[in-house]
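Open the model in your viewer and keep the selection tool ready. This tour goes from one stop to the next.

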Amino acid sequence: MISTVEGRLAILAIFPISVVVVTALGRYIKNRQTKPPLPPGPVPIPLLGNILSINTKEPWLTYTQWHAVYGDLVFARILDQDVVVINSQHVAQALLDKRSGIYSDRPFIATVEPCGWSIAFAFTGYNDEWRRCRRIFQQTFRPDSALKFRPMQMRRAREMIVNLIDDPQHYHSHFATFSSSVGMSAIYDYQPSARDDPLVQIMENALIIGVQMVTSERAALLKAFPFLLKLPDWCWGSSLRRDLRTSANRMREMTDVPFRYTQQHMADSSSLGQLSMVAENLRRMEKQDEASKPIRCPNNVVYHSTFLQTTSTLMVFALAMVSYPDVQRRAQAEINSVIGRDRLPAFEDRASLPYVESILRETLRWQPVGPLGVPHATSSDDIYDGYFIPKGATVIYNIWSHTMDEKRYPDASRFMPERFLDVNGALTDDDPAGYVFGSGRRGCPGRYTVDATLWSAIATMLATVEFSFAKDDQGKTIDFTPRFATGFNHTPVVFPCNISPRSHIHSELVDLL
Ligand code: HEM
């Protein structure tokens with residue numbers, strides 16, 4: 001009898017359980033039927049996802065291999081994070097540009113806050129704070145407004161030549177001084193000294209460590225194992241925490257010191273600060289009585305971008321000139337025939353120097369300094385080309401895969417500016433600026449400024465100096481294999497290089513620089 005009652009209870013219990021199971025099963029089947037599949041990609045392993053198959057030092061190489069196997073849109077997992085890799089310019093335009101309302105957020109990067117980069121608006125989510133910062137930035141750096149920097153950019157480029165001729169061995173340092181002096185002038189109206197400037201050093205020290213910390217792969221590690229932030233200094237594995245702390249302190253210094261400089265100099269002189277971004281905005285805010293926070297936020301990233309990206313691009317240029325002397329000779333011949341030898345290139349000559357222009361394009365393509373740009377994130381679910389892209393996915397734009405696309409750029413690992421010229425020597429429509437600066441609403445707002453900065457430096461260097469392989473004490477060429485520092489940036493490590501003034505650059509001309 002008892003067993004019959006239990007049996008009836010069991011039958012009664014089975015009913016609600018079956019309802020739950022059937023409903024869940026129904027939902028699962030419905031989801032499978034209504035939700036399209038995720039984009040193709042490598043099979044993840046439990047908990048770790050695909051992290052073990054990613055080259056964490058140069059992830060763009062892995063993503064480019066995936067491109068060959070899975071196509072233009074690849075889905076992967078880094079630990080518990082959904083990741084979508086965009087491998088074609090066409091897909092980047094379709095998603096980052098045309099659907100920018102969905103694709104303009106930034107992912108949570110666990111290292112950004114602890115390493116002091118949260119004030120950099122490049123990492124801010126797609127929100128009102130970002131809009132405010134971006135507006136401030138655009139007011140100073142939009143194409144027509146950026147024109148005002150041109151005389152300063154050219155002046156700085158010529159100063160760099162004097163340094164290069166004077167002290168060629170430290171060419172990297174002169175590139176860095178040039179890049180930061182353009183940035184410091186544009187942001188703070190600060191004029192760094194030609195060498196060992198204290199503010200430039202503060203900036204360099206802060207960035208060098210920060211860029212290693214904010215890569216998606218390192219951030220995923222901290223997100224998955226947040227206890228790494230709590231480890232005591234003596235414990236194995238605490239180096240991440242120590243590096244983050246050092247970075248945060250240096251970032252604070254890097255934000256405050258030059259900002260105070262501009263405030264001080266605006267107070268001392270009414271003429272100073274007229275052209276810089278901070279000064280322009282301080283003035284605007286004095287009138288509008290706004291809080292000062294939005295002024296500060298874009299500064300760090302401008303430092304980062306002008307300093308690291310510009311310096312890295314000039315390093316790529318120097319590497320190309322040493323490795324491909326024919327290219328250098330052809331560019332110098334163009335400059336000689338268009339400008340002559342008695343004066344230096346000016347922005348007005350730009351349109352008449354297509355080969356120099358093609359060198360700038362090839363420099364951006366050959367070794368892109370930001371091969372993965374800055375990651376985006378989706379703010380809602382999306383369906384593209386029959387594939388489901390979930391809300392909250394990190395979206396990585398793999399710029400490297402375009403630059404190395406053998407169909408578009410045959411012999412892609414070779415530095416070949418001619419690929420951007422047609423049979424008549426005129427520039428083609430293919431300009432890597434269309435992808436190396438990212439895409440959509442978060443695309444690089446500094447691109448017009450940096451385009452002029454790079455052109456002024458490259459054209460002036462080609463007109464005045466000669467890059468060649470360095471020689472040892474016995475006069476033998478020092479051969480080397482290029483090495484690259486990686487992290488957020490991809491930048492050539494300093495290599496042996498000889499820089500000498502071109503034969504017609506005599507001392508009087510140098511004095512005129
Ligand atoms: C060769 C030099 C440079 C390269 C290759 C470069 C490239 C990029 C890329 C790929 C992005 C991410 C775009 C995206 O999310 O889709 C970016 C963002 C950004 N860049 Fe640049 N950049 C360079 C120089 C500069 C300069 C000189 C400035 C400042 C004057 C600058 C300011 C910024 C800012 C503020 C952002 C963040 C935009 C946002 O999140 O809304 N960049 N840059």
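Start by selecting Cys444. Cys444 is partly exposed, at 28% relative accessible area; that term covers the range between buried (under 20%) and exposed (over 50%), with a 1.4 Å probe and protein chains only. This is a predicted model, where local features need pLDDT of at least 70, side-chain atom pairs count only at pLDDT 80 or more, and totals for chains, interfaces and linings use all residues. Residues are numbered from 1 along each chain as its sequence is written, and side-chain values use heavy atoms, leaving out hydrogens and water.

Stay on Cys444. It lies in the loop between α18 and α19 (447-464). Helices are DSSP runs of H or I with at least four residues, strands are E runs of at least two, and both are numbered from the N terminus.

Which protein atom is the donor to its iron atom? The single one is Cys444 (SG), 2.3 Å away. Donors are N, O and S atoms within 2.8 Å of the metal (3.2 Å for Na, K and Ca); water is not among the atoms, so sites may look incomplete.

Next, select Cys115. It is buried, at 0% relative accessibility.

Move to the sheet. Four strands form an open sheet in the order β1-β2-β6-β3, with mixed pairing. The edge strands are β1 (73-78) and β3 (376-377). Strands pair if DSSP finds at least two bridges between them. β3 pairs with β6 (residues 394-397) in the antiparallel sense, over two bridges. Zoom in on Ala377: its bridge partner in β6 is Thr394.

Last stop: Met404. Find it in the loop between α17 (399-403) and α18 (433-436).
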